Amino acid sequence: FEKSFFSKGWNYGSVNSFVLDQSGSLWIGTSENGLVQYNPTTSAIRLFSSKNGISNDKIYSLLEDREHNIWVGTAAGISQYCGSRFEFLTQKDGLLSNNIFAFFTDSKGNYWIGSDLGVTEYSTSGMGMISVKNYTTKNGLSHPQVVSVFEDKKGNIWLGTYGGGACKLDPLTGKVQVFSEKNGLANNNVMSIAADKDGNLWFATLGGGVSKITITGEIKNFTSADGLGSDYVYYVFNDSKNNMWFASDVLTKYDGSQFKSFADEPEIAGITIFSVAEDKNSNIWLSASESGIFKFEEKPRVLSGSGHAGSFQNYSSGNGLRDESPSVLVCDENNNIIIAHKSGVDKFNPSSNSFNYFGNEEGLASFEPNLNAVYKQKDGNIWIGTTNGAVKYNTSEELTNRVEPLTQITRFRVLTDEV
């Protein structure tokens, strides 16, 4: 006999059945706590219960069929698990609100979920036990609407609010420090937070330009007077070359010494940019208001003069994009561009120039993502904040059925005569 992975404690009651599936995951049916999936490679535990689809928490039997679906016999009938590309996290799971404006995973693997009522710290133990802690104005937040979340090098959680500036939260003590216009921040509407390679924090504000808080605590503000394209900045992004990109009515790049505006670039002139992302080839991708997405491919400058060395390529409904006003833009681990909008999610493959769409058939009915409410985890999975909770896009989940169906011959004819 060998000691099992549950030697440190089993918290799900008695076991009625288990099955080892084709991928090596162990599925365990319990008497009263639903279905437990254990991944021996990652030691991850996932719990399925009547709250998320199982017909009953009392499991009698388990079976994996030839197409690798898991059949679950319960006290209230049979449930079938066919894999899931999308998962959902809502108030039923302990969140303050279903209106999710920001999502972030900290260095310890805890989720920080910003909403219109505050922020939720959502963590899962090694045994799959869930812990939820909510922070609101009662805990010191300057404003209930948390629209951006970021973690600094010291493990502090920064919360950007819409109307109350930024809050620095120490997750160990719960102490909150407020940064607002009163003590030097450019504006109290903090839409996005990012860090440069030196650990300085950049705050994109709606109406005051951007603020930079250095690692020493000094606050520096930059506006259109300093070369920023607009003082209304929706998103700030740090690329692999340590350039800071600012999405606004005019796209702007800061290379560490000066701001460079793209206002005169004909392809994007007059177009509001909402999001910035980067693929593994160092190309910059943009989401735009009513114009779809753009790819900016930087090229070595041949001639001196105004403008930027590079080209913009637009992808819109004519190329297969379902909605030309995306709310979310991010690059996945396979170098696909993920675009979320009110019609669902598009996955764009730049190599094949093809779009793959996910909508109602994937459970994305009433799907309305909030602006830039997105986070890509280290495992490649992507979280998207919507008006109906947080949605996890499992990018590694392969749902294509490659198992050939069984053929049954029911009739046989030679010409018109049945044999």
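Biologist: How much space lies in the second largest pocket?

Modeller: This is a predicted model, in which local features need pLDDT of at least 70, side-chain atom pairs count only at pLDDT 80 or more, and totals for chains, interfaces and linings use all residues. Residues are numbered from 1 along each chain as its sequence is written, and side-chain values use heavy atoms, with hydrogens and water left out. On a 1 Å grid over the protein atoms alone, a pocket is an open set of points where a 1.4 Å probe fits, with protein on both sides within 12 Å along at least five of seven lines. Points are joined across faces, edges and corners, and the volume is the space filled by probe spheres set on them; for the second largest pocket it is about 250 Å³.

Biologist: Which residues are the closest to the centre of the second largest pocket?

Modeller: The lining, meaning residues with an atom within 4 Å of a point, has 14 members. Closest to the centre are D152, K154, W158, T214 and I215.

Biologist: Is S79 buried or exposed?

Modeller: S79 belongs to strand 7, residues 77-81, a strand being a DSSP run of E with at least two residues, numbered from the N terminus. Its relative accessible area is 9%, and buried means under 20%, exposed over 50% (1.4 Å probe, protein chains only). Therefore S79 is buried.

Biologist: How many strands does the protein chain have?

Modeller: Helices are DSSP runs of H or I with at least four residues, and the protein chain has 0 of them. Its strands number 37.
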